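Subject: Handover of a structure, with findings

Dear colleague,

Please find below the structure that I am handing over to you. My notes on what was found in it follow directly after.

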Amino acid sequence: MKIYELIRLAVEIMFTPISDDVLMLTQVSIWASKDINPYMVWLSSWITLFIAFLWFFLVGRFFRQVPFIEKWMAKKWLRKAEKLLNGFGGWAVILAFFVPGVRHPIHYIAGILKFPVKKYLLANFLASSLYSGAWTFTIYKFNQKIGINLVLLWLRQHLSIVLLLVAILLCFVFYKVKSNKNKL
């Protein structure tokens, strides 16, 4: 495991629209295929996730001071988010780690709403531990039972079939989206 892999993972989480689940699945699979100690993978990815999501919180804190954002903060949905964070506290941050689509925004909003730093750090620490641990455990168990290298070999041998199925799936999704827009 190289330090640039951890930095790349953090940068991908922070700056790409690719799902964190896909990023973790890919990176942990690479490490598992190289037979890197699962505890080292868990600890490394835990620290990386903690720092990446702390970044979102700090960006929210910074942008709270921007005049445009202060006007925008009077919106009704932001008040609802504030009520949610005040009601559920750190649990909202912890649970958001496991809900795609909510995972990043909750950290920004926690920063914008000046969620208490100690509570946020504790929630982020626990959630990133559980999230990275779940992915590490799942991938290493899969590698132990089936083998990631076997799956990669099968994908290489059947790449044309896989690409055809992905293309058909994308066409179907685009067709459904287009037909739903026409209904509106």
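Is Lys114 buried, partly exposed or exposed? Lys114 has a relative accessible area of 46% and is therefore partly exposed; buried means under 20% relative accessible area, exposed over 50%, and partly exposed in between, with a 1.4 Å probe and protein chains only.

Please note that this is a predicted model, in which local features need pLDDT of at least 70 and side-chain atom pairs count only at pLDDT 80 or more, while totals for chains, interfaces and linings use all residues. Residues are numbered from 1 along each chain as its sequence is written, and side-chain values use heavy atoms, with hydrogens and water left out.

Overall architecture

The protein contains ten helices and zero strands. Helices (H or I, at least four residues) and strands (E, at least two) are DSSP runs, numbered from the N terminus. Along the principal axes, the C-alpha atoms fill a box of roughly 55 × 50 × 25 Å. Of the 184 residues, 35% are buried. Contact means heavy atoms within 4.5 Å; among contacts between residues at least 6 apart in sequence, 78% join residues at least 24 apart.

Surface and charge

The protein exposes about 12100 Å², and carbon and sulfur atoms supply 72% of that area. Accessible areas come from the Shrake-Rupley method with a 1.4 Å probe, and for residues only the protein chains shown count as cover. There are 22 positive and 7 negative charges, and their mean positions are 10 Å apart. Lys and Arg count as positive and Asp and Glu as negative, while His and the chain ends are not counted. The place of a charge is taken as NZ of Lys, CZ of Arg, CG of Asp or CD of Glu.

The largest pocket

The largest pocket holds about 310 Å³ of space. The elements that give two or more residues to its lining are helix H2 (20–33), helix H8 (117–145) and helix H9 (148–157). H2 gives the most, with five residues. The lining residues include Leu25, Ser33, Phe142 and Leu155. A pocket is an open set of points on a 1 Å grid over the protein atoms alone, where a 1.4 Å probe fits, with protein on both sides within 12 Å along at least five of seven lines; lining residues have an atom within 4 Å of a point. Grid points are joined across faces, edges and corners, and a volume is the space filled by probe spheres set on the points.

Buried positions

Phe53 lies in helix H3 and counts as buried because its relative accessibility is 0%. Leaving aside neighbours within four places in sequence, Phe53 is in contact with Ile13, Asp20, Phe97, Arg103, His104, His107, Tyr120 and Asn124. Phe53 and Phe125 are 72 residues apart in sequence, while their C-alpha atoms are 9.7 Å apart in space.

Asn124, in helix H8, is buried because its relative accessible area is 0%. Not counting residues up to four places away in sequence, Asn124 touches Phe50, Phe53, Leu54, Val93, Phe97 and His107.

Ser45 is found in helix H3 (residues 38–63). With 0% relative accessibility, Ser45 is buried, and beyond its neighbours within four places in sequence, it contacts Met24, Trp31, Ser132 and Thr136.

Backbone angles in two loops

Most residues other than glycine have a negative phi. Asp35, which is not a glycine, has a positive phi of about 55°. Asp35 lies in the loop between H2 and H3 and is exposed because its relative accessible area is 66%. Lys114, also a residue other than glycine, has a positive phi near 55°; its place is in the loop between helix H7 (103–112) and H8.

Helix H10

Lys183 is placed in helix H10 (residues 159–183) and, at 69% relative accessibility, counts as exposed. Lys183 and Leu153 are 30 residues apart in sequence and 43 Å apart in space, C-alpha to C-alpha. Val177 is also found in helix H10, where a relative accessibility of 41% makes it partly exposed. Between Val177 and Phe50 there are 127 residues in sequence and 35 Å in space, C-alpha to C-alpha.

With kind regards
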